[in-house]
Amino acid sequence: MLEPARTAVVSGASIAGLSAAYWLQRTGWRVTVLERAAAFRDGGQNVDVRGVARDVLAEMGLVEAVRARNTTETGTVLVDERGRVTAELPSDGPDGATAELEVLRGDLARTLLEALSPEVDVRYGQSVADVLDDTGPLVVTTTTGDRLPADLLVVAEGVRSTTRDRVFAGRVERRELGVTMAFGTIARTATDDDRWRWLTTTGGRQVHLRPDPHGTTRAILAARSDVLPGLVDLPRPRAQQRLREVFADAGWEAPRVLDGFETSDDVYVDDLTQIRMATWHTGRVVLVGDAAWCVTPMGGGGASLALVGGYVLAAHLSTADSTSTALDRYGEWMRPLVDDVQGLPRGIVDVAYPRTRLGVSTRRVLDRALTSRPLRPLIARITRVATTDQDLPAIEVARPAAT
């Protein structure tokens, strides 16, 4: 007689949650995915698939599907206040500054969603309201009042996860990096090309423009958080006004980005925050992706770690003799990859966001030196994330039931 399938609730339907749902279902779990948004969330900024994440994507058979949704970005250049190129970052090979598999967050998540088995129950407009995990059955209560008995709760809600904060109260370390970013989508113009263009200017400010495959341009305004204090808490009109005050004299395409953000429907602001935790599981609740280890855009590789985390979790659950052992092994396997990305060099914000004209000039001299032919291998290593000497853990995929 067949044993009943184990059941999992996955909270969060972006990259980490969908990767976990895909692999848990493939290994025989019955999976319900909860997503608080009313519908699938398209959009978002550039992410990429690097290192061992490419192997996971290949195991899913999705490399060409992701490649077909490539952002069209071919390289990365640093520019000055007049838009003149001051340095070009290495983008040769699969893990350059512009990766071989460069894709928008929403496009990667949609690719994963389309690959899910119909047996995975994806519920929009629902999130976790309560978790009961003691000596009895694990029960997840949703915001719509549904009670979902489960053998496992996978929390993939992102850096601001409320379920994580409830279940792991007192065990979450937030490390503010001192950088605030405003992201949005703006109209493409004739001045745009197929490169990521990146201005660093005085006052601890940056302006970024990146192509996308949808006929628009992705833009970022970034600054030291003490230049934009409290921006995340301001209502949108006041936040827009504050951005204008700070970036009015930044030069290059800053006025265009400010104008574009006024009408863009997907502008969002974030204070870059790493999540650091001693353990990513307790009882029958486990964290994946940014909810567990947010590495932020400064570290890079968040999407790759999210893809890998879903696979590694399901792989160990498919082979270990207990859930507790599997969750321990998942944490042990992922920890070196996460620590490598989270370990930003001391003083990196001072270098990346200089305040003075002298600081900007020094930064540009450094950029030219690092991107020169003799030192290109050094800077190329910086963009290599989600790399490991560990073999991906073996996974036992469930056989289809006989008909």
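Trainee: Okay, how many cavities of 30 Å³ or more are there?

Mentor: Keep in mind that this is a predicted model. The count comes to three cavities of 30 Å³ or more.

Trainee: What volume does the largest cavity have?

Mentor: The largest cavity has a volume of about 50 Å³.

Trainee: And which residues line the largest cavity?

Mentor: Its lining is made up of Ala 13, Ser 14, Glu 35, Phe 40, Arg 41, Arg 105 and Tyr 124. Sorted by class, that lining has three nonpolar, one polar and three charged residues.

Trainee: How much space lies in the second largest cavity?

Mentor: The second largest cavity holds about 40 Å³ of space. The residues lining the second largest cavity are Leu 78, Val 79, Thr 86, Trp 198, Thr 200, Arg 363, Arg 364 and Asp 367.

Trainee: Which elements give two or more residues to that lining?

Mentor: Those are strand E4 (75-79), strand E13 (195-201) and helix H13 (357-370). H13 gives the most to the lining of the second largest cavity, with three residues.

Trainee: How does the lining of the second largest cavity divide by class?

Mentor: You get three nonpolar, two polar and three charged residues there.

Trainee: Then at what angle do H1 and H10 cross?

Mentor: Helix H1 (residues 15-26) and helix H10 (residues 302-319) cross at roughly 25 degrees, and their axes come within 8 Å. Angles under 35 degrees count as roughly parallel, so H1 and H10 are roughly parallel to each other.

Trainee: Is the crossing of H1 and H10 left-handed or right-handed, and which residues meet?

Mentor: H1 and H10 make a right-handed crossing. From H1 you have Ile 15, Ala 16, Ser 19, Ala 20, Trp 23 and Leu 24, and they meet Ala 303, Ala 306, Leu 307, Gly 310, Tyr 311, Ala 314 and Leu 317 in H10. By class, this contact of H1 with H10 has 11 nonpolar, two polar and no charged residues.

Trainee: What about H1 and H4, how do their axes cross?

Mentor: The axes of H1 and helix H4 (residues 105-115) come within 9 Å and cross at roughly 20 degrees. That makes H1 roughly parallel to H4. The crossing of H1 and H4 is left-handed.

Trainee: Which residues in H1 meet H4?

Mentor: Ile 15, Leu 18, Ser 19 and Tyr 22 in H1 do, and on the H4 side they meet Arg 105, Leu 108, Ala 109, Leu 112, Leu 113 and Ala 115. The contact of H1 with H4 divides into eight nonpolar, one polar and one charged. Arg 105 also turned up in the lining of the largest cavity.

Trainee: Last one: at what angle do H6 and H7 pack?

Mentor: Helix H6 (residues 236-247) and helix H7 (residues 254-263) pack at an angle of about 175 degrees, with 10 Å between their axes. H6 and H7 are therefore roughly antiparallel to each other. Among the residues in that contact are Arg 236, Gln 240 and Phe 247 in H6, and Leu 258, Asp 259 and Glu 262 in H7. By class, the contact of H6 with H7 has five nonpolar, two polar and four charged residues.

Notes. Residues numbered from 1 in each chain as written. Predicted model: local features only at pLDDT ≥ 70, side-chain atom pairs only at ≥ 80, totals over all residues. Heavy atoms only, no water. 1 Å grid on protein atoms, 1.4 Å probe; cavity = no way out; pocket = protein on both sides within 12 Å on 5 of 7 lines; lining within 4 Å. Points joined across faces, edges and corners; volume = space filled by probe spheres on them. Nonpolar A, V, L, I, M, F, W, Y, C, P; charged D, E, K, R; others polar. Helix = DSSP H or I, 4+ residues; strand = E, 2+ residues; numbered from the N terminus. Axes fitted to C-alpha atoms, helices over the stretch in contact; angles between N-to-C directions. Parallel < 35°, antiparallel > 145°, perpendicular 65-115°, else oblique. Left-handed = near helix turned anticlockwise from the far one by under 90°. Contact = heavy atoms within 4.5 Å.
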